[in-house]
Amino acid sequence: MGRRGTKLLRLAAAAAGSGVLVAAIAIPAVGGMGAGFVAAADEVNLKPVDLAEPPPAEVTIVRDAKGGEIARFYEEYREIVGLDEIAEQMRTAIVAIEDFRFYEHGAIDIEGTLRALATNLQTGRTSQGGSSITQQYVKQVLLNSAGTEAERNAAIEASYARKLNELRYAMGIEQKYTKDQILEKYLNIAYFGASAYGVEAAAKRFFGVHAADLTLAQAATLAGAVQDPNATDPNLGPEHRERLLHRRDVVLNRMAELGKITAEEAAAAKATKLGYKGTRLPGGCEASKYPYFCLYVRHEILSNPDFGRTAKARLAMLNRGGLTIRTTLDPVAQAAAERAIKRYVHASDRPVAAEALVQPGSGAIRAMAASRRYGPDAGKNEISYNVVADTAHGGGVGFQPGSTMKTFTLITALKEGMKLDDGLAAGAGYRAPAYSTFKNCAGQSIGDPTHTVTNDEGSPGWKTLRTGTWSSVNTFFMELEQRVGLCDTVKTAKALGIRRADGKKLREYETFTLGINETDPVTVAAAYAAIAARGTYCAPMAITHITDRDGSTTRYRPKCREALEPAIADATAEVLSGVFTEGTMRGAGGIGRPAAGKTGTTDGYASAWFAGFTPDLAGAVSLGDPRGSQQYKLTGVTIGGHYYGSVQGASVPGPIWRETMIQALRKVRPTPFTPILTSRFEGCTTGCPPKQPEKDEDEGEGEEATGATPTPTTSLSPTPTTEP
């Protein structure tokens, strides 16, 4: 064997004793010792094994309907690039410092491994690594594939078994790919510190440039960082930056030593400052231009089985999948909503205005805006939840929508055969006449004859479906709900997607028509959009298609159904359009095109709403104090720089809706409502008004939601509360 071979074998034996296995694979034999190493490899079955290579975690990008970026989600901030998109000096630097014989050896570098082993034996500690770039790539793949902490520990444990597996996989990788392909994969998977994974993310994070544009000094800095990215993380302080600067110079010296750069080039690069910029990594809803819509999209993916079988799978897809998510958000409509809200409600105001816009016929959410910034800092008057949506989409408990819910009693009356001029006498106060008058959908008696519902400012008298709706008379709608049935009214609301913001069951009490169930703008806007779409209800939709990292696209269709007969929806639109000309919004004016809607004010002015629609767009605006609407009511308040003794639906939410619609639809040709079937809906059958109907002098809404929500009269009904 000879003296040299004996020394190498002794060195190998010593290495095995110190916990390091050395094997010569796919390299020329030195004298007669090559056969010995091959025999050792056979004994441990050191043969190529194919490595499963799930793609590394990559950034998911969320875009609006026009392609503009909304947000980025990621577990590891990484952007995959090709080798031709990486500066040549970056490739040279990483090879020089990590594995300078990379293009010459096989799966492992026996010369480098033995050299590192000798140094480690001399120092008594692991001062040199010796792993090839291929081995390092294998290790990173195993780490990235680990689904549990145990698997992560197994990928880095100091054991013969782990090292043997790593070598087997490295041999398989060398057979599967060219050297350039391996280098590309390594540069895209390596961690460089400062939360940057892969060379493209690192180039942007450290220096604000693409990997293709790295200078020599910058390339050497990143190449130096991979050895111990936590110790050289420039975000962690001056000492870490000094270590990184030292590592940069080590790389430059090594490049000069290998003849890859001249001594003068190395000296010039070492004379430059570190130049770390710490460019902020985009991502997360807090950093988004549209944080509330961003939250909606995130929660939609995490909770919807359409996007993955399990919650864990959906989270992994979102944070690691490298997806491009195209959404329904229209930047024009979004800007219109934001401007209108800003005009009427300041971010510093205690009450918060929130608005959602939904497209009739598709359920596409076109905008979600609020008067306050989204964020965790209450001291900066930020709001930490999605005030525009329900709890399933990151929202809170919502606000009582007040008289916007009267629309569903109106619809129920039309469904049950009443005509637009059918009416009834509305008193100054209303009490349920008997415990059995109202029944919920479980058949239980509901009602409290000791509780009186009153009209805030509306006058009593004969009211038709038209005039009772226009003036929003509470006692009229209590009488009407009594006539058409509480359960039928609840069923109508449910058919149009109405549900509580907190996800609990709707509270089915006689004051249901006055809006006692807290809800959110997205839900209410979608319900009113169904009327605009002539009875077709479409579930709110935020995502239109998702493209994966391989370019495969999955498209998502609207989930729609017929909730109302078209003629009923047309008649409802006819009545609600009068709210702008004859009713509670007559002082605000119209929007220059066919429109319909309903104001909403709750008892004691706890919250105020407006919900309305055109054939092209629907929207809902809520206003309330997130500290607790029943405790902090909209009385004696300053909002948007204006003092209000009391705030009604027509005071602030109505004007916000109006201005939003004018701007959002500025370039959209007006679409008319479908005329009603006069033979079916005009006139009266069940009760005709006096020959000379009274003129309602009321200038306000005449609305009241619940008062103290009445105590149920049977032991079967729970006591309702106005705030969860």
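This is a predicted model: local features need pLDDT of at least 70, side-chain atom pairs count only at pLDDT 80 or more; totals for chains, interfaces and linings use all residues.

Modeller: Residues are numbered from 1 along each chain as its sequence is written, and side-chain values use heavy atoms, leaving out hydrogens and water.

Biologist: Which strands stand at the edges of the sheet with mixed pairing?

Modeller: Strands are DSSP runs of E with at least two residues, and helices are runs of H or I with at least four, numbered from the N terminus. Two strands pair if DSSP finds at least two bridges between them. This open sheet has 5 strands in the order β2-β1-β5-β15-β16. Each edge strand has a single partner, so one side of it is left without a neighbour in the sheet; these strands are β2 (69-73) and β16 (553-555).

Biologist: Which residue of β2 stands opposite R63?

Modeller: Strand β1 (residues 60-63) runs antiparallel to β2, and 4 bridges join them. The residue opposite R63 is E69.

Biologist: At what angle do helices α3 and α11 pack?

Modeller: Angles run from 0 to 180 degrees between N-to-C directions, with axes fitted to C-alpha atoms, for helices over the stretch in contact. Helix α3 (residues 88-98) and helix α11 (residues 238-257) have their axes 9 Å apart. The helices are roughly perpendicular (65 to 115 degrees). The angle between them is about 90°.

Biologist: Which residues of α11 make the contact with α3?

Modeller: Contact means heavy atoms within 4.5 Å. From α3 come Q89, T92, A93, A96, I97 and E98. Their counterparts in α11 are R247, V250, V251, R254 and M255.

Biologist: In the antiparallel sheet, what is the bridge partner of T601?

Modeller: The open sheet has 5 strands in the order β7-β6-β20-β19-β18. Its edge strands are β7 (365-370) and β18 (596-601), each pairing on one side only. β18 pairs with strand β19 (residues 607-613) over 6 bridges. In β19, the partner of T601 is A608.

Biologist: How much space lies in the largest cavity?

Modeller: A cavity is a set of points on a 1 Å grid over the protein atoms alone where a 1.4 Å probe fits but cannot get out, and lining residues have an atom within 4 Å of a point. Its volume is the space filled by probe spheres set on the points, which are joined across faces, edges and corners. The lining of the largest cavity includes Y430, D448 and H451. The space in this cavity is about 30 Å³.

Technical notes
On a 1 Å grid over the protein atoms alone, a cavity is a set of points where a 1.4 Å probe fits but cannot get out, and a pocket is an open set with protein on both sides within 12 Å along at least five of seven lines; lining residues have an atom within 4 Å of a point. Angles under 35 degrees count as roughly parallel, over 145 as roughly antiparallel, 65 to 115 as roughly perpendicular and the rest as oblique.
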